[in-house]
Amino acid sequence: MSDENEHSLLRTVPGLARIAAAAYWRGARWTVRTSTEAGSRVVRAAANGQEPGELFRSTGAELRERTRRVLGVPGERPEDLAAMTEEAAEAEREEARKSLRDRGEELLRRSADVNFDEGSHPAYARILEDLAPDEARILRLLVEQGPQPTVDVRSGLVPLKSTSELVAAGLSMIGPDAGCRHLDDVPAYLNNLFRLGLIWFSSEALPDPLRYQVLEAQPEVANALEGSGRTRTVRRSIHLTPFGADFCQLCLPRQASEPGGGEDGDRAGGVDSPD
């Protein structure tokens with residue numbers, strides 16, 4: 001070790017000793033003060049007839065809080081302490097239940113008011129926020145063209161689920177026909193529209209077999225039929241729900257100036273929406 005390092009170490013030792021002594025003195029003083037105050041609490045509690053369990057809980061909480069202050073650790077917030085007790089948790093649950101009951105009573109009050117007219121379902125605003133632009137295009141297709149054909153491809157020639165295996169599900173031409181920009185996301189779009197209660201998946205086929213023949217000639221369906229040996233299609237359909245039809249009528253009105261309007265657009269929209 002060099003002479004310079006030895007001198008530096010010698011200069012540091014007195015400082016370290018002073019820090020250690022100060023820390024010891026503060027710790028000892030805090031311990032004595034805490035012990036004295038705790039002893040005073042015990043005497044007062046005994047004089048007042050306080051239960052030992054309650055005394056120990058309150059004393060322990062004070063001791064933890066003092067330790068946090070000495071160490072510089074943030075203390076527990078009052079709301080955190082309240083949430084830790086079963087009584088506070090039950091009070092919070094009861095407050096939430098009361099809020100729901102109050103809202104339910106307000107709905108019933110408005111339903112009995114003959115002069116109250118809400119105009120539209122309150123969920124419509126939230127639904128608009130949950131829709132992608134392509135999903136609006138799909139809804140418009142269902143409004144203008146009616147229910148859409150879809151097929152499942154299953155292996156085996158016997159029309160029983162127990163004797164066949166699903167090869168591909170929900171194949172349709174909805175994405176291209178609606179003009180969707182992201183065709184790979186069409187299954188997710190349909191799932192979201194179903195989640196929102198705007199469409200439903202029917203196990204019934206549409207009455208026009210020509211629409212299924214066109215669909216089954218599409219490359220996606222043909223590849224699924226050819227890729228798994230003996231296969232067949234199961235014809236299904238996708239419809240707007242009454243809720244979805246009302247939503248589209250109010251929130252997605254057809255504009256005369258939009259692409260596809262005019263004479264050709266009128267012919268494309270000649271199929272009435274389902275009731």
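**Close-up views of a predicted model**

**View 1. The largest pocket.** The largest pocket has a volume of about 490 Å³. This is a predicted model, where local features need pLDDT of at least 70, side-chain atom pairs count only at pLDDT 80 or more, and totals for chains, interfaces and linings use all residues. Residues are numbered from 1 along each chain as its sequence is written, and side-chain values use heavy atoms, with hydrogens and water left out. A pocket here is an open set of points on a 1 Å grid over the protein atoms alone, where a 1.4 Å probe fits, with protein on both sides within 12 Å along at least five of seven lines. Its volume is the space filled by probe spheres set on the points, which are joined across faces, edges and corners.

**View 2. The pocket lining.** The lining of the largest pocket has 25 residues. Lining residues have an atom within 4 Å of a point. G170, L171, S172, P187 and E220 lie nearest the centre. Elements that give two or more residues include β1 (148-155), β2 (166-172), α8 (186-195) and α10 (219-226). Strand β2 gives the largest share, five residues. Helices (H or I, at least four residues) and strands (E, at least two) are DSSP runs, numbered from the N terminus. The lining divides into 14 nonpolar, eight polar and three charged residues. Nonpolar covers Ala, Val, Leu, Ile, Met, Phe, Trp, Tyr, Cys and Pro; charged covers Asp, Glu, Lys and Arg; the others, Gly among them, are polar.

View 3. Helix α11 spans residues 242-251, and its G244, A245, F247 and C248 are buried. They cover an arc of only 160° around the axis, which puts them on the same side of α11. The arc is that of the directions from the helix axis to the C-beta atoms. On the other side, P242 and Q249 are exposed. Buried means under 20% relative accessible area and exposed over 50% (1.4 Å probe, protein chains only). The buried residues pack against α5 (123-129), α6 (133-145) and β4 (231-240).

**View 4. Helix α6 and its end.** The end C-alpha atoms of α6 are 18 Å apart, which agrees with the 18 Å that its 13 residues should span at 1.5 Å a residue. The expected span is 1.5 Å times one less than the number of residues. Among the buried residues of α6 are I138, L139, L141 and L142. Just after α6, G146 takes a positive phi of about 80°.

**View 5. T231 in strand β4.** T231 is found in strand β4. At 15% relative accessibility, T231 counts as buried. The C-alpha atoms of T231 and E165 are separated by 9.2 Å, although these residues are 66 residues apart along the chain.

Technical notes. Contact means heavy atoms within 4.5 Å.
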